[in-house]
Amino acid sequence: MLLALSTWSEIETFLQTSKTVVVPIGSNEQHGPTGLLGTDWLCPEIISHEAQKLSDTVLVAPTFNIGMAQHHLAFPGTIFLRPSTFIAAIGDWVRSLGAHGFERIYFLNGHGGNVASIEAAFSEIYADYSFRGAHAPFALKLKNWWDLAGVMALANRQFPVGHGSHATPSEIAVTQWAYPETIKTTAYEPKIAPTGPIREALDFRARYPDGRMGSDPALATPEKGGELVAMAAKALIEDLAAFSAEKAPQ
């Protein structure tokens with residue numbers, strides 16, 4: 001089920017049999033000359049939506065599509081939240097879902113730069129209960145889509161060279177599979193982009209002029225993206241089942 005395309009009464013009924021929800025989360029930022037600005041939120045959304053088509057136990061919340069992208073601000077189209085704003089917004093999402101009875105809230109992430117702030121948000125939320133000496137009524141989990149079982153091993157087989165860390169061929173391939181009408185091409189120079197540190201926006205633009213980091217997105221194909229989505233969706237269903245089955249200590 002997709003929460004946004006459901007009615008409140010349908011969600012109330014769903015909660016009678018499952019108290020788990022997936023929140024795709026990512027970032028709206030540049031992904032090189034051919035990568036879609038929405039790549040980092042599209043990938044977890046695509047995978048989550050595919051999983052809910054395969055299993056009636058999967059409920060997917062609306063996508064949290066703006067994240068930690070300040071270092072990409074020198075590229076037009078990038079939108080970001082300050083860490084404090086991001087953390088506060090995650091807290092409100094969790095408290096809203098928890099108030100309705102969701103006990104397992106699973107964030108499927110598509111942007112590595114979000115990880116520290118998502119974990120900080122979880123700590124802030126849990127702290128509210130710890131200071132009161134109370135049990136939190138829900139458990140939170142963060143998973144990067146590329147860390148789902150088997151996904152990175154598949155990506156390494158598909159792209160043994162030129163995978164890199166930003167505007168990677170694996171994430172570009174996932175969006176190509178879901179949105180083939182948006183596929184774009186260019187002559188990359190150099191073929192494999194440089195790598196290095198990440199700091200503020202002007203430093204990033206100077207180090208990585210076309211926005212890529214260590215990657216060759218020209219290696220991406222919709223077929224490879226479809227393989228990644230199929231594996232990730234299956235692994236997500238299994239990971240959600242394990243998370244849902246966790247027993248809280250008595």
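Reader: How many cavities of 30 Å³ or more does the count come to?

Author: The count comes to 1. Keep in mind that this is a predicted model. The largest cavity holds about 60 Å³ of space.

Reader: What makes that a cavity and not a pocket?

Author: The test is whether a 1.4 Å probe fits but cannot get out; a pocket, by contrast, is an open set of points.

Reader: Which residues line the largest cavity, and how do they divide by class?

Author: The lining is Thr34, Gly35, Leu36, Ile172, Thr175, Gln176, Tyr179, Thr182, Ile183 and Lys184. That gives 4 nonpolar, 5 polar and 1 charged.

Reader: OK, on to the open spaces. What volume does the largest pocket have, and which residues are closest to its centre?

Author: The largest pocket has a volume of about 340 Å³. Its lining has 22 residues, and the closest to the centre are His111, Gly112, Trp146, Ser165 and His166. By class, the lining of this pocket has 6 nonpolar, 13 polar and 3 charged residues.

Reader: And what lines the second largest pocket?

Author: That pocket holds about 210 Å³. Its lining is Glu103, Arg104, Tyr126, His135, Ala136, Pro137, Phe138, Ala139, Glu246, Lys247, Ala248 and Pro249. These residues divide into 7 nonpolar, 1 polar and 4 charged.

Reader: What makes β1 and β2 count as paired strands?

Author: Pairing takes at least two bridges. β1 and β2 (residues 104–109) are joined by 6 bridges and run parallel, so they pass. For a spot to look at, Pro24 stands opposite Leu108 in β2.

Reader: Ser18 is in the loop between α1 (8–14) and β1. Why is Ser18 called buried?

Author: Its relative accessibility is 13%, and the cut-off is under 20%. So Ser18 counts as buried.

Reader: What does the side chain of Ser18 reach?

Author: The backbone nitrogen of Thr20, at 3.4 Å. The limit for a polar contact is 3.5 Å.

Reader: How many aromatic pairs does the structure hold, and why is Phe64 with Phe86 called edge-to-face?

Author: There are 8 aromatic pairs. For Phe64 and Phe86, the ring centres are 5.4 Å apart and the planes stand at 80 degrees, so the pair is edge-to-face. The cut-offs are 6.5 Å for the centres and over 60 degrees for that label. Phe64 lies in the loop between α2 (39–54) and α3 (83–99), and Phe86 in helix α3, so the pair ties together parts that are 22 residues apart in sequence. Both Phe64 and Phe86 are buried.

Reader: Then what makes the pair of Phe107 and Phe122 tilted?

Author: Here the centres are 5.6 Å apart and the planes 55 degrees. Stacked needs under 30 degrees and edge-to-face over 60, so the rest, this pair included, is tilted. Phe107 lies in strand β2 and Phe122 in helix α4 (residues 115–132), so this pair ties together parts 15 residues apart in sequence. Phe107 and Phe122 are both buried.

Reader: Which residues form one aromatic cluster with Phe64?

Author: Phe86 and Trp93.

Reader: Thr57 is in the loop between α2 and α3. Why is Thr57 called partly exposed?

Author: Exposed means over 50% and buried under 20%. Thr57 has 48% relative accessibility, so Thr57 counts as partly exposed.

Reader: What makes the backbone at Ala167 and Pro190 worth a look?

Author: Ala167 has a positive phi of about 55 degrees although it is not a glycine. Ala167 is found in the loop between α5 (151–158) and α6, and at 0% relative accessibility it counts as buried. As for Pro190, a cis peptide bond joins it to Glu189, with omega about 0 degrees. Pro190 is in the loop between α6 (169–178) and α7 (201–207).

How values were computed:
Residues numbered from 1 in each chain as written. Predicted model: local features only at pLDDT ≥ 70, side-chain atom pairs only at ≥ 80, totals over all residues. Heavy atoms only, no water. 1 Å grid on protein atoms, 1.4 Å probe; cavity = no way out; pocket = protein on both sides within 12 Å on 5 of 7 lines; lining within 4 Å. Points joined across faces, edges and corners; volume = space filled by probe spheres on them. Nonpolar A, V, L, I, M, F, W, Y, C, P; charged D, E, K, R; others polar. Helix = DSSP H or I, 4+ residues; strand = E, 2+ residues; numbered from the N terminus. Buried < 20%, exposed > 50% of the residue type's maximum accessible area, 1.4 Å probe, protein only. Polar contact = N/O pair within 3.5 Å; in protein donor to acceptor, adjacent residues only side chain to side chain. Phe/Tyr/Trp six-rings, centres within 6.5 Å; stacked < 30°, edge-to-face > 60°.
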